Amino acid sequence: MSDDPVRTRLTLPAGAGDPLDPEEHEVGFQHYFVRLRHDVAVSSIAFDGAASASPAPGVLDAIGAAELVIACPSNPLVSIGPLLAVPGVAEALVARRPDVVAVSPIIAGAALKGPADRMLSELGHEASVVGVARLYAPWVGRS
């Protein structure tokens, strides 16, 4: 998506990951996913560096030239989210909306793999195909 550094940061509620920690705190995605085994609640997600990042060479051209763009069944918040946070990427997808297809990672309310269902719920989104469709509606024209 970019050659510039973009880091996914998750804010965890007080006590998450450490019951003695009385305050909300931020951790890197790897810490959350590996050390904490993605088994703690998340209260927010940020993509440090995304606002000043540039799309990697050819990314916007590839989106523009593709016959069809397919968003695979990945976590909408921590896998697709960083891509969309890089300036120009979401706009390029919106411009191609009729030719963008998405496959939901949520089936019958459960993630195919990983914490997507739980993260969606924790952050106020519906953990369902409809919830994912609502998140993707600005840039996905088919599903």
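Close-up 1. Arg134 is exposed, at 54% relative accessible area. Here exposed means over 50% relative accessible area, buried means under 20%, and partly exposed lies in between (1.4 Å probe, protein chains only). This is a predicted model: local features need pLDDT of at least 70, side-chain atom pairs count only at pLDDT 80 or more, and totals for chains, interfaces and linings use all residues. Residues are numbered from 1 along each chain as its sequence is written, and side-chain values use heavy atoms, with hydrogens and water left out. The side chain of Arg134 meets that of Glu126 in a salt bridge, 2.6 Å from N to O. A salt bridge is a side-chain nitrogen of Lys or Arg within 4 Å of a carboxyl oxygen of Asp or Glu. Glu126 is partly exposed, at 37% relative accessibility. By this rule the count comes to four salt bridges.

**Close-up 2. The buried side of helix α6.** Helix α6 covers residues 129–136, and its buried residues are Gly131, Val132 and Tyr136. These residues span an arc of only 130° around the axis, so they sit on the same side of α6. The arc is that of the directions from the helix axis to the C-beta atoms. An α-helix has 3.6 residues a turn, so residues three or four places apart point the same way. Helices (H or I, at least four residues) and strands (E, at least two) are DSSP runs, numbered from the N terminus. The buried residues of α6 pack against α3 (76–85), β5 (100–102), β6 (106–107) and α5 (116–122).

**Close-up 3. Ser128 at the start of α6.** Ser128 lies in the loop between α5 and α6. Ser128 is buried, at 14% relative accessibility. A side-chain oxygen of Ser128 reaches to within 3.2 Å of the backbone nitrogen of Val130. The Ser128 side chain also reaches the backbone nitrogen of Gly131, at 3.0 Å. Such a polar contact is a pair of N or O atoms within 3.5 Å; within protein, one must be able to donate a hydrogen and the other to accept it, and residues adjacent in sequence count only if both atoms are side-chain atoms.

Close-up 4. Glu26 and Arg9 meet through their side chains in a salt bridge, 3.0 Å from N to O. The pair links distant parts of the chain: Glu26 is in strand β2 (residues 25–28), Arg9 is in strand β1 (residues 7–12), and they are 17 residues apart. Glu26 is partly exposed, at 39% relative accessibility. Arg9 is partly exposed too, at 23%.

**Close-up 5. Arg96 with Asp99.** The side chains of Arg96 and Asp99 form a salt bridge, 3.1 Å from N to O. Arg96 is buried, with a relative accessible area of 12%. Asp99 is partly exposed, with 24%.

**Close-up 6. The surroundings of His38.** His38 lies in the loop between α1 (29–35) and β3 (44–48). His38 is partly exposed, at 21% relative accessibility. Not counting residues up to four places away in sequence, His38 touches Tyr32, Phe33, Gly114, Pro115 and Arg118. Contact means heavy atoms within 4.5 Å. Pro55 is 17 residues from His38 in sequence and 28 Å away in space, C-alpha to C-alpha.
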